[in-house]
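Please examine the sequence and the three-dimensional structure shown here. The paragraphs that follow lead through the structure step by step.

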Amino acid sequence: MKNQLNYYLIAVFSIFAGSQITEGVLLVPYWQSMSSIEFYSYYQEFGPAINRFYTVLTVVALLISIALAIYYYSIRSAGFKYALISSGLAILFVSCFYIYFKGTNQAFYQSAFNEVDLKNELVTWASWHWGRVVLECLSLYFLILAVSKKN
């Protein structure tokens, strides 16, 4: 695999991590500022597009980590162990979706929380989100190490 392709893959993964940070910095505080009626209306309209956008980026980031780990293993690269760690972290950040976000996002679609419970749930959602961002950034860090140790 040429070095240039490695750097493109890092760039794509970085776009994913940056989009997650942006979601945490811009979208989550915006959601927290809304009333439950405003939030549920917003989520009904934009939630599906937001979920599709992040699903695609998340799957691509996961596949990048796994593909580089497989490739580095096949060429017996020193970067393999770092790519493997990146892949493990990627599996963890994807797992967060199934452990917490999937059910909670569905509850948002169903307008399941009253005003107070929604405010509390959005605080919990933000905490899970930032935990996931930490995993994503660590995964990116180890992916960069893998590429830098490739030879």
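Predicted model: local features only at pLDDT ≥ 70, side-chain atom pairs only at ≥ 80, totals over all residues.

A salt bridge is defined here as a side-chain nitrogen of Lys or Arg within 4 Å of a carboxyl oxygen of Asp or Glu. By this definition, the structure holds 2 salt bridges.

The protein chain contains 4 helices and 0 strands. Read along the sequence, its pattern is α-α-α-α. Helix H1 covers residues 3-33, helix H2 covers 36-74, helix H3 covers 80-109 and helix H4 covers 115-148. Taken along the principal axes, the C-alpha atoms fill a box of roughly 55 × 25 × 20 Å. The chain has 151 residues, of which 44% count as buried.

Ile85 and Ser139 are 54 residues apart in sequence, and their C-alpha atoms are 7.2 Å apart in space. Ile85 belongs to helix H3. With a relative accessible area of 37%, Ile85 is partly exposed, because that category lies between the limits of 20% and 50%. In the second pair, Leu140 and Val12 are separated by 128 residues in sequence and by 10 Å in space, C-alpha to C-alpha. Leu140 is found in helix H4. Its relative accessibility is 12%, and Leu140 therefore counts as buried, the cut-off being under 20%.

The salt bridges may now be considered. In one of them, the side chains of Glu23 and Arg132 meet, with an N to O distance of 4.0 Å. This pair links distant parts of the chain: Glu23 is in helix H1 and Arg132 is in helix H4, 109 residues apart. Are these two residues buried or exposed? Both Glu23 and Arg132 are buried. For Arg132 the relative accessibility is 10%, so this residue counts as buried.

Arg132 also forms a salt bridge with Glu136, in which the closest N and O atoms are 3.7 Å apart. Here both partners, Arg132 and Glu136, lie in helix H4, 4 residues apart, which is about one turn of the helix. Glu136 has a relative accessible area of 1% and is therefore buried. Taken together, Glu23, Arg132 and Glu136 are linked in a network of salt bridges.

Ile21, Val25, Leu26 and Trp130 make a nonpolar surface patch of about 360 Å². H1 gives the most to this patch, with 3 residues. Val25, which is one of the residues of the patch, lies in helix H1. Why can Val25 be described as partly exposed? Its relative accessible area is 49%, and Val25 is therefore placed in that category, because a residue counts as exposed when the value is over 50%.

Most residues other than glycine have a negative phi. Arg76 has a positive phi of about 55 degrees, although it is not a glycine. Arg76 is placed in the loop between H2 and H3. Its relative accessibility is 63%, and Arg76 therefore counts as exposed. Ser111 likewise is not a glycine, and its phi is positive, at about 50 degrees. Ser111 is located in the loop between H3 and H4. With a relative accessibility of 37%, Ser111 counts as partly exposed.

Key: Residues numbered from 1 in each chain as written. Heavy atoms only, no water. Helix = DSSP H or I, 4+ residues; strand = E, 2+ residues; numbered from the N terminus. Patch = residues over 30% accessible without salt bridge, like charges linked within 9 Å, V, L, I, M, F, W, Y side chains within 5 Å. Areas by Shrake-Rupley, 256 points an atom, 1.4 Å probe, with all protein chains shown as cover. Buried < 20%, exposed > 50% of the residue type's maximum accessible area, 1.4 Å probe, protein only.
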